[in-house]
Amino acid sequence: MTSNIASRSSQPAAGGASLAEAPSATKTNQCTAYHAADRRMVGPSLKEMAGRYSADELTTVLAKKVRQGGSGVWGAVPAPAMAGVDSQSVSQLASWISTYK
């Protein structure tokens, strides 16, 4: 499955860093198969997440959601648990997502 994030371009979406600047965890864990920069796909857009949470909150929320999975916050579709994603990767993801404010 190919990514639709940032319109499949290395150019930044409005208000966000480019896909080329994405942490490696986005590629190794297929984040962009579920999340686009500015529209909902399976999960919320990066812009929606950045708008709801501060950068610090994103780190906490992502750590829990990424590792444990879950549903109900953004809709009924469950997010799969990705227990192998380390703390540094979660922190990098949160910092990158926060650029979409």
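Q: What pLDDT does the chain average?
A: This is a predicted model, and the chain averages a pLDDT of 80. At least 70 is reached by 80% of the residues.

Q: Where is the pLDDT below 50?
A: Over residues 1-13. Beyond near neighbours in sequence, that stretch has 27 contacts in the model.

Q: And which elements have the lowest and the highest mean pLDDT?
A: Helix 1, residues 24-28, has the lowest mean, at 79. Helix 2 has the highest, at 94.

Q: How many helices and strands are there?
A: There are 4 helices and 0 strands. Read along the sequence, the pattern is α-α-α-α.

Q: How much of the chain counts as buried?
A: 36% of the 101 residues.

Q: What share of the contacts comes from residues 24 or more positions apart?
A: Among contacts in the chain with a separation of 6 or more, such residues account for 50%.

Q: Let's take helix 3. What span should it have, and how far apart are its end C-alpha atoms?
A: Helix 3 covers residues 55-68, which is 14 residues. At 1.5 Å a residue it should span 20 Å, and because its end C-alpha atoms are 20 Å apart, the two values agree.

Q: Which of its residues are buried?
A: Leu58, Leu62, Ala63 and Val66 are the buried residues of helix 3.

Q: What do those pack against?
A: Helix 2 (46-52) and helix 4 (87-97).

Q: Gln68 is in helix 3 too. Is Gln68 buried or exposed?
A: Gln68 counts as exposed, because its relative accessibility is 57% and the cut-off for exposed is over 50%.

Q: What happens just after helix 3?
A: Gly69 takes a positive phi there, of about 75 degrees.

Q: Which residue has a positive phi although it is not a glycine?
A: Gln30, at about 60 degrees. Gln30 is in the loop between helix 1 and helix 2. With a relative accessible area of 52%, Gln30 is exposed.

Q: Pro44 is in the loop between helix 1 and helix 2 as well. Buried or exposed?
A: Pro44 counts as buried, at 5% relative accessibility.

Q: What does Pro44 touch?
A: Not counting residues up to four places away in sequence, Pro44 touches His35, Met49 and Trp74. The C-alpha atoms of Pro44 and Gly75 are separated by 8.7 Å, and those two residues are 31 apart along the chain.

Q: Trp74 came up there. What lies over its face?
A: Arg52 does, at 3.8 Å from the ring centre.

Q: How many aromatic pairs does the structure hold?
A: It holds 1. Trp96 and Tyr100 form the pair, with 5.6 Å from centre to centre and 85 degrees between the planes.

Q: What kind of pair does that make?
A: Edge-to-face, because the 85 degrees between the planes of Trp96 and Tyr100 is over 60.

Q: Are Trp96 and Tyr100 buried or exposed?
A: Trp96 counts as buried, with 6% relative accessibility. Tyr100 is buried too, and its relative accessible area is 1%.

Q: Now Ser98. Where does it lie?
A: Ser98 lies in the segment after helix 4.

Q: Why does Ser98 count as buried?
A: Because its relative accessible area is 19%, and buried means under 20%.

Q: What does its side chain reach?
A: The side chain of Ser98 reaches the backbone oxygen of Ser95, at 2.7 Å.

Q: And which residues is Ser98 in contact with, leaving aside neighbours within four places in sequence?
A: Ala50, Ala55 and Leu58. Leu58 is one of the buried residues of helix 3.

Q: Last one, Gly84. Where is it, and is it buried or exposed?
A: Gly84 lies in the loop between helix 3 and helix 4. At 75% relative accessibility, Gly84 counts as exposed.

Q: How far is its C-alpha from that of Val66?
A: The C-alpha atoms of Gly84 and Val66 are separated by 9.1 Å, and the residues are 18 apart along the chain. Val66 is among the buried residues of helix 3.

Key: Residues numbered from 1 in each chain as written. Heavy atoms only, no water. Helix = DSSP H or I, 4+ residues; strand = E, 2+ residues; numbered from the N terminus. Expected span 1.5 Å × (residues − 1). Buried < 20%, exposed > 50% of the residue type's maximum accessible area, 1.4 Å probe, protein only. Contact = heavy atoms within 4.5 Å. pLDDT = per-residue confidence, 0-100. Polar contact = N/O pair within 3.5 Å; in protein donor to acceptor, adjacent residues only side chain to side chain. Phe/Tyr/Trp six-rings, centres within 6.5 Å; stacked < 30°, edge-to-face > 60°. Lys NZ or Arg CZ within 6 Å of the ring centre and 35° of its normal.
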